[in-house]
Amino acid sequence: MTRKIRKVDEIKGMINNALDENELQELYTWVIARIKANRALIAHDMKRLLKVGMVVEWNGKRGYHKGEVIKVNRTRAEVKELDMFGGRWNVPMNMLKIVK
């Protein structure tokens, strides 16, 4: 963990000392594209693994939730919550974790 922090600190130092505004904008664009690609890959993998009836968990705006997959859509999964209220949620794939 400390090794990663050192690398991040090195990169921050290099950015502070060497890049002008245009280069920073280019770096920002690249970083955002990289984050989006990573999220898309995670969602694709989750979609491949998810099946109707599986139990999943996610952390949303209203806290931790656990539910059963009702339907798998292109980018989201419809999930029925396993508490006494049993609400239905349309959850993005990259927020879900399969409960074993």
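Predicted model: local features only at pLDDT ≥ 70, side-chain atom pairs only at ≥ 80, totals over all residues.
User: What joins S3 to S4?

Analyst: Strand S3, which covers residues 76-81, is joined to S4 by 5 bridges, and the two run antiparallel. Within this pairing, Ala77 stands opposite Val91 of S4, and Glu78 has Asn90 in S4 as its bridge partner.

User: How many residues are between the strands in that hairpin of S3 and S4?

Analyst: The hairpin of S3 and S4 has 6 residues between its strands. There, Gly86 takes a positive phi near 60 degrees.

User: And how many bridges join S2 to S3?

Analyst: Strand S2, residues 63-72, is joined to S3 by 5 bridges, again in an antiparallel arrangement.

User: Which residues of S3 are on the covered face, and which on the uncovered one?

Analyst: Ala77, Val79 and Glu81 belong to the covered face of S3, whereas Arg76, Glu78 and Lys80 belong to the uncovered face.

User: Why do the side chains alternate between the two faces?

Analyst: That is how a regular strand is built: its side chains alternate between the two faces of the sheet.

User: Changing topic, which residues form the nonpolar patch on the surface?

Analyst: The nonpolar patch is formed by Tyr28, Trp30, Val31, Ile32 and Ile35, which together have about 480 Å² of accessible area. Ile32, one of these residues, is located in helix H2, residues 21-49.

User: What is the relative accessible area of Ile32?

Analyst: The relative accessible area of Ile32 is 31%, so this residue is classed as partly exposed. That class lies between buried, under 20%, and exposed, over 50%.

User: Where does Lys7 lie?

Analyst: Lys7 lies in helix H1, which spans residues 2-18.

Note on methods:
Residues numbered from 1 in each chain as written. Heavy atoms only, no water. Pairing = 2+ DSSP bridges. Helix = DSSP H or I, 4+ residues; strand = E, 2+ residues; numbered from the N terminus. Patch = residues over 30% accessible without salt bridge, like charges linked within 9 Å, V, L, I, M, F, W, Y side chains within 5 Å. Areas by Shrake-Rupley, 256 points an atom, 1.4 Å probe, with all protein chains shown as cover. Salt bridge = Lys/Arg side-chain N within 4 Å of Asp/Glu carboxyl O. Buried < 20%, exposed > 50% of the residue type's maximum accessible area, 1.4 Å probe, protein only.
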